[in-house]
Amino acid sequence: MGETLHTLAELGSTDVSRRALLGSVPFVATALMDPQRRWLLWLLENEQSAHLTAVTSGGPAERVYAMIAMFDEMDNRFGGGQVRSSVVHYLTAEVLPMLQRSGIVDRQRGQLFTAAAKLAAMAGWSSYDSAEYGLAERYMIQALRLCAEGGDRVLGGQILAGLSHLATSLGRPDEGVALARSGLVTAKNAGSPLGLMRLHAMAARGHAALNSPVEAAASLKAADAALDASAGPATESPWVRYLDHHYLEAEAAHCFRDLGDARRAENLADGSVRANADRRRRQAIGQSVLATAYLQQRRLDEALDAATTALGLLGTVHSERSVQALRDFHARLEPYHAEPLVRQFERQARPVLGVA
């Protein structure tokens, strides 16, 4: 574990103070094979230890968890690009040194490892949100290694869900499905139906991107069943309490968009947009998916209205994922390029999307 702490400390230090040395770190799908293998081996060796991890009050772990909650709130409101450097600095300057010191009782030490794993995963997500895809992959891999030391299977499953999302979004949906399946094996006995719901949704996203409607439908059905099995956020791990049926609506909308079922994509995206008025990133992404669903039905005016709303939201949230969702819509506008309203939208979008 000392090697993981050292690697993460070096990565974070270089990220914060000498970013130019990192260059453009590429995402490498094959680099995920060994971490998955190691994680699954850890599961086999610790198969009797599945449980829902609780957070005790007092001590350094409680303070770290409070900081995590603050970072989460900022991320939801303003996007990962606004919090990434703060997360990385806190992880490397405050939390990793705690883990390297002796004198912390075993229970607190395990919780600190779990908290460090969550922060490393947040560094990964916020790097993803800043279009630093290779860096996101590196942080998430180290998060998975820290999570094994903390023993939190729910968080381990969520880190694998994040890696699945990353792989699918970057054109490797086959790897996205494999990572989601590893996450399902991880979390199946961890007492978190909401965690399972998200993993089934990630599998569905991968299947949809592979144009496998039967498999995508089966995964969405399993996600619905997991959601129904949850007794509510209060009974769940703190890592998944934000997940709800509106989250599943948004993911299902992506699936049906990719499968060409525009009417279902529209209905689900519209529901997600209405329910997430206080989450700007979800709003921006949802409006872009809604715009695409309208466009797939040749409802150009409504599509451009939704896309313009998404464009306005991008002025308040620093999220490359949100920008990429709108770029996806823009690419689909090519057959309508001669339309005056489309040209007007493209002029408005140029500063944000960088389109010609």
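The buried residues of α15 are Leu-300, Ala-303, Leu-304, Ala-306, Ala-307, Ala-310, Leu-311 and Leu-313. Buried means under 20% relative accessible area, exposed means over 50%, and partly exposed lies in between (1.4 Å probe, protein chains only). Helices (H or I, at least four residues) and strands (E, at least two) are DSSP runs, numbered from the N terminus.

The model is predicted: local features need pLDDT of at least 70, side-chain atom pairs count only at pLDDT 80 or more, and totals for chains, interfaces and linings use all residues. Residues are numbered from 1 along each chain as its sequence is written, and side-chain values use heavy atoms, with hydrogens and water left out.

Helix α15 covers residues 300-313, and its 14 residues should span 20 Å at 1.5 Å a residue. The expected span is 1.5 Å times one less than the number of residues. The end C-alpha atoms of α15 are 20 Å apart, which agrees.

What lies over the buried residues of α15? The cover includes α14 (280-296), α16 (320-331) and α17 (340-353). Cover rests on contact, which means heavy atoms within 4.5 Å.

Two members of α15's buried list, Ala-306 and Leu-313, also belong to a nonpolar core of 29 residues, which has Ala-269 and Val-342 among its other members. A nonpolar core is a set of buried Ala, Val, Leu, Ile, Met, Phe, Trp, Tyr and Cys residues joined through side-chain atoms within 4.5 Å. In soluble globular proteins, nonpolar side chains tend to be buried together.

The core of 29 residues lies apart from the largest one, which has 81 residues. Inside the largest core, the residues with the most contacts are Trp-39, Val-64, Leu-91, Leu-119, Leu-146, Ile-159 and Met-197. Helix α6 (residues 106-129) gives the most to this core, with 11 residues. Ile-159 is in contact with Ala-117, Ala-121, Met-140, Ala-143, Leu-144 and Cys-147, leaving aside its neighbours within four places in sequence.

Arg-298 is exposed, with a relative accessible area of 68%. Its phi is positive, about 60°, although Arg-298 is not a glycine. Asn-211, in the loop between α10 and α11, also has a positive phi of about 60° without being a glycine. Asn-211 counts as exposed as well, at 56% relative accessibility.

An α-helix has 3.6 residues a turn, so residues three or four places apart point the same way.

His-254 is found in α12 and counts as buried at 10% relative accessibility. Not counting residues up to four places away in sequence, His-254 touches Arg-205, Ile-285 and Val-289.

Phe-78 is in helix α4 (residues 59-78) and counts as partly exposed, at 29% relative accessibility. Its contacts, apart from neighbours within four places in sequence, are Arg-280, Thr-316, Val-317 and His-318.

As for the whole chain, its secondary structure comes to 17 helices and 0 strands. The radius of gyration is 20 Å, close to the 21 Å that the globule rule gives for 356 residues, so the chain is as compact as a globular protein of that length. That radius is taken over C-alpha atoms, and the globule rule is 2.2 Å times the number of residues to the power 0.38. Buried residues make up 54% of the 356 residues. Of the contacts with a separation of 6 or more, 73% come from residues 24 or more positions apart.
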